Number of protein chains: 2
Amino acid sequence: MAQGTRIVIVGGVAAGMSAASQARRRKPDATVTVFERGPYISYGSCGMPYNIEDPERSIDDLVVLTPEKARESRGIDLHLRHEVTAIDPGSRTVTVRDLEAGSERTEGWDALVIATGASAVRLPLPGFDLPGVTVLRELTDGALVKRLLAEGRKAAAIVGGGYIGMEMAHVLTSRGLRVTVLEKLPDILPGWGPETVALVRKELERNGVDVRTGVSVTGAEAGPDGSVAAVTTDAGPVEADLVLQAVGARPNVRLAAEAGLRIGDTGAIWVNQYQQTSADGIWAAGDCAEAYHRVLRRNAWIPLGTTANKQGRIAGANVVGAAQRFAGIVGTSGFKVFDLEVARSGLGFDQAKAEGFEPVAVTITQRSRAHGYPGGSPIQVTLVADEPTGVLLGGELAGRDGAALRANVLGTALAAHMTVSDLQGLDLVYAPPFAPVWDPVLVAANQLAKKVGRR
Amino acid sequence: MAQGTRIVIVGGVAAGMSAASQARRRKPDATVTVFERGPYISYGSCGMPYNIEDPERSIDDLVVLTPEKARESRGIDLHLRHEVTAIDPGSRTVTVRDLEAGSERTEGWDALVIATGASAVRLPLPGFDLPGVTVLRELTDGALVKRLLAEGRKAAAIVGGGYIGMEMAHVLTSRGLRVTVLEKLPDILPGWGPETVALVRKELERNGVDVRTGVSVTGAEAGPDGSVAAVTTDAGPVEADLVLQAVGARPNVRLAAEAGLRIGDTGAIWVNQYQQTSADGIWAAGDCAEAYHRVLRRNAWIPLGTTANKQGRIAGANVVGAAQRFAGIVGTSGFKVFDLEVARSGLGFDQAKAEGFEPVAVTITQRSRAHGYPGGSPIQVTLVADEPTGVLLGGELAGRDGAALRANVLGTALAAHMTVSDLQGLDLVYAPPFAPVWDPVLVAANQLAKKVGRR
């Protein structure tokens, strides 16, 4: 690529700023321009619940890289409050709107990275436009929730029993609110195994959270001050002066779709392992893009900050001539709800079945540390494998001590396509402060081994 | 194998009792006889330091399975204080001495498992037979140390700066003793990387332990009461009314060697992956036996409880007709010294070099949890890889939060013979309570990637 290369990056959060930094580092003479629609760059949105928990912390603490540092020490040509409204792959230009000035201009590029992220789903329900009803996705959402809490909200309704709902149930309870979780499905945490779900539900209820499942939310109603006062449901009203919609996100693909780029079956931008889109000279990375799933052996869409950072870094290297490959994801994720660590990797039983595997599963409970060592507590492990081949498909862990980090054993084993027998043979760290002589993961593997490959 | 099979197991600690239990479970009509020289079976010797730390706990708490339970619920024909003094592979008999009665008898077997463990090295120095000088290997050693502490010992000298020395420095300090660690080599923790060693040394010194390296112990001297009062060294005397020799262990192979079984280059009993020794009908497992090392691709001797349990279970299955394979070890181990978790897997830089690899290494420090999340602290990660191939060879971690469990990522990656590039691509759990967006292991892998495969 010639000197003076113009690289344009659409979006300045995790993937976009990773790409920009990597491109500049590898090719200091390139012009790297980032257009970010919002007022912030490079923030850790996954940290928002924990930031909200602490009234003393500013939401700005979540900003990893300031605009000044991006510009000065990294040499990135950064434009906040600038929205790219169109991409023309033919002429290699973008149309950019300066949201402050209200003006629009056209910018050329030699290489383009789309890192437009995802947006929280907002339910199109009556009253869901009332003050006090929000989502939690961008830093501005987090700032709003903190302001509402500072005003003294008393009762929260969380619509959606996924992991953001779980984290926020914990956070809002610890901020002193009464919290109701409303999930329309028969149970919370759709896609997780029933044994894990039961532990999470118990932890929520033990901490006073009112968990209502099989309940459809129909709208929201205002109080005398014009702010939200209740959520209405098919099972009656729920008092709430703070309503959080946590019903998932969708990839921001409008720009890419209008430019004629291939959108994958998942609804996110199709990319190959080099983060290239279907259009020459255009890469995509982060929550707007698909990722190759190593267990499914096809692209999937599981938006997470860690994937966004990895993909962004690779896209940034590749736009300046590298040929790095993104290895893919295996579906590792985790959250903490009150004192319970919960994490997974790979496929759950139901998903494995739906994908055409012949899954078998076990659930065991084993202590986190050696018998008698202080600080230990039970860890529940569920493992799923393909019965005919014995290949590990996934697993879930829940416990108060060392449950989440153990999911990394599964994540690593899944990347290597290990069988249950391979898992049994792993040499894991053993010392009384860290694990019993049979680590919970090995205990589960020993049990699951009895169920696989017996034909 | 015919009904009425007689299985004899020599040794009733981790490997021996695992083998006995597994054999009985798989073949309930077999006669499974265990001869254990000592007064205890099935104890977790790795838990001894932590048990000693707590004066309220009985050393018997470390017994996992009581003789009564072994006999009654597991149906094992168990003989404590019975020492096997000879094995005759030709006639398939053992000679057994009843240490209480002083009598000797001969017992026949169809299958034999040798699980004789290892013994602590005792230094042949003048005065090292004094009361108050001990090792820490068997439960009776732990009981002795607890009794000495209950008597009110004031100053301990620990001879040897390996991991048992580290654990006991912590334990004896917390029991109120002044502790001096004496290591004859230039630094503690031989075989570990200098960056890890520096952190451990700092942690010891921060907690008041006097660490003296490059010092040769020459003997011990008694006080007026006839018990030890000082250790003598080439750098002067060290006051100590409790002296712990922690200078390693040796496999108990005399029986096997006298029976003509092959002893490996490591000095331990040679076994294949089925735990078979060189003699037909005889298996070996645990600290007396070698284990296949998956990074070295040859047998090694790294005695650890977790390996003993795995090998014992496999030997117990195979003596009753199964054909299970022990996958091997990768050299994973860990310990805690004061508040510092320390763990490793695979080879260190120097060992890798000595083994003919062309190692490169990096050491990085990264926080254990996301920026701003409470409870996080730095983790230091050292990774070693083979430069021409990029294959991961090993790594070490040290930190106060989540360092040890992260060694399992390395243990799993080493089992799969992953490269540094494979490690960079791992999908590890990310959520602010558990990890930053780039886990410390990934940060290290990203740095090491710049040093490998550049030819």
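Tutor: Contact means heavy atoms within 4.5 Å. Helices (H or I, at least four residues) are DSSP runs, numbered from the N terminus. This is a predicted model: local features need pLDDT of at least 70, side-chain atom pairs count only at pLDDT 80 or more, and totals for chains, interfaces and linings use all residues. Side-chain values use heavy atoms, with hydrogens and water left out.

Student: Which residues in H1(B) meet H8(B)?
Tutor: On the H1(B) side, B:Ala14, B:Ala15, B:Ser18, B:Ala19, B:Gln22, B:Ala23 and B:Arg26. They meet B:Ala308, B:Asn309, B:Gly312, B:Arg313, B:Gly316 and B:Ala317 in H8(B).

Student: How many of the residues of that contact are nonpolar, polar and charged?
Tutor: Six are nonpolar, five polar and two charged. Ala, Val, Leu, Ile, Met, Phe, Trp, Tyr, Cys and Pro count as nonpolar, Asp, Glu, Lys and Arg as charged, and the others, Gly among them, as polar.

Student: At what angle do the axes of helix H1 and helix H8 of chain B cross?
Tutor: Roughly 35 degrees, and the axes come within 7 Å. Axes are lines fitted to C-alpha atoms, for helices over the stretch in contact, and angles run from 0 to 180 degrees between N-to-C directions.

Student: New topic. What rotation superposes chain B on chain A?
Tutor: A rotation of 180 degrees, with 0.0 Å of shift along its axis and an RMSD of 0.0 Å. That is the relation of a two-fold axis. Copies are superposed by least squares on the C-alpha atoms of residues with pLDDT of at least 70 in both.

Student: Which C-alpha in chain B is nearest the axis?
Tutor: That of B:Val409, 2.8 Å from the axis.

Notes:
Residues are numbered from 1 along each chain as its sequence is written. Chains are lettered from A and ligands numbered from 1 in the order in which they are written. Helices (H or I, at least four residues) and strands (E, at least two) are DSSP runs, numbered from the N terminus.
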